[in-house]
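Work through the exercises below with the sequence and the model side by side. Try each task before reading its solution.

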Amino acid sequence: MGLILLVEDEPGAAALLHRCIENGTSGHQLAVFPKAAEALSYAAKNKVDLFILDIQLLDYRGTELARQLRSMPEYRFTPILFTTCLLYTSPSPRD
């Protein structure tokens, strides 16, 4: 069983990714954090097998979080996937 760490500050995107991971994998545990600092602290205390990082978090840049994770010897070669969420609001119908 592997541990996947998802860092996503948009609740809708986090829920969508959570469903995709649940439906697409078996035997994996998922930890979800909205903030980089919380995720980094969690990663320091747990063995993470895959990181899924939002590129632009409210409190941080996902790329900077990836650099910090890569500086930890245990995560030098751990896979990191980047994601981003653009919310689309459809225009109102014209009269």
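A residue is called buried when its relative accessible area is under 20%, exposed when it is over 50%, and partly exposed in between (1.4 Å probe, protein chains only). The model is predicted, so local features need pLDDT of at least 70 and side-chain atom pairs count only at pLDDT 80 or more, while totals for chains, interfaces and linings use all residues. Residues are numbered from 1 along each chain as its sequence is written, and side-chain values use heavy atoms, with hydrogens and water left out.

**Exercise 1. The loop residue K47**

Task: Find where K47 lies, and decide whether K47 counts as buried or exposed.

Solution. 
Step 1. K47 belongs to the loop between helix 2 and strand 3. Helices (H or I, at least four residues) and strands (E, at least two) are DSSP runs, numbered from the N terminus.
Step 2. The relative accessibility of K47 is 54%, so K47 counts as exposed.
Step 3. Contact means heavy atoms within 4.5 Å. Leaving aside neighbours within four places in sequence, K47 is in contact with L3 and Y75.
Step 4. K47 and I4 are 43 residues apart along the chain, and their C-alpha atoms are separated by 9.4 Å.

**Exercise 2. Salt bridges**

Task: State how many salt bridges the whole structure has, and describe the residues that form them.

Solution. 
Step 1. A salt bridge is a side-chain nitrogen of Lys or Arg within 4 Å of a carboxyl oxygen of Asp or Glu. The search of the whole structure finds two.
Step 2. One joins the side chains of D49 and K47, at 3.1 Å from N to O. D49 has 33% relative accessibility and therefore counts as partly exposed.
Step 3. Another joins R67 and E64, whose closest N and O atoms are 2.9 Å apart. Both residues lie in helix 3 (residues 62–70), three residues apart, about one turn of the helix.
Step 4. R67 counts as exposed at 51% relative accessibility, whereas E64 counts as partly exposed at 32%.

**Exercise 3. The two sides of helix 1**

Task: Check the length of helix 1, then identify its buried residues and what covers them.

Solution. 
Step 1. The expected span of a helix is 1.5 Å times one less than its number of residues. For the 14 residues of helix 1 (residues 11–24) this gives 20 Å, and the end C-alpha atoms are 20 Å apart, which agrees.
Step 2. The buried residues A13, A14 and I21 are in helix 1. They cover an arc of only 100° around the axis, so they sit on the same side of helix 1. The arc is that of the directions from the helix axis to the C-beta atoms.
Step 3. The face turned away from the buried side of helix 1 carries the exposed residues P11, E22 and N23.
Step 4. The cover over the buried residues of helix 1 includes strand 1 (3–7), strand 2 (29–33) and strand 3 (50–54).
Step 5. C85 is placed in the segment after strand 4 (80–83).

**Exercise 4. The nonpolar cores**

Task: Which residues have the most contacts inside the largest nonpolar core, and which elements give two or more residues to this core?

Solution. 
Step 1. A nonpolar core is a set of buried Ala, Val, Leu, Ile, Met, Phe, Trp, Tyr and Cys residues joined through side-chain atoms within 4.5 Å. In soluble globular proteins, nonpolar side chains tend to be buried together.
Step 2. The largest nonpolar core has 18 residues, and L5, V7, V48, F51, L53, L69 and Y75 have the most contacts inside it. Strand 1, strand 2, helix 2 (36–45), strand 3 and helix 3 each give two or more residues to this core.
Step 3. Apart from it lies another core, of five residues, among them I4, L6, I21 and I52.
Step 4. Leaving aside neighbours within four places in sequence, the contacts of V7 include F33, A39, L53 and L65.

**Exercise 5. The whole chain**

Task: Give the order of helices and strands along the sequence, and the share of residues that count as buried.

Solution. 
Step 1. The chain has three helices and four strands, in the pattern β-α-β-α-β-α-β.
Step 2. Of its 95 residues, 34% count as buried.
Step 3. Among contacts between residues at least 6 apart in sequence, 73% join residues at least 24 apart.
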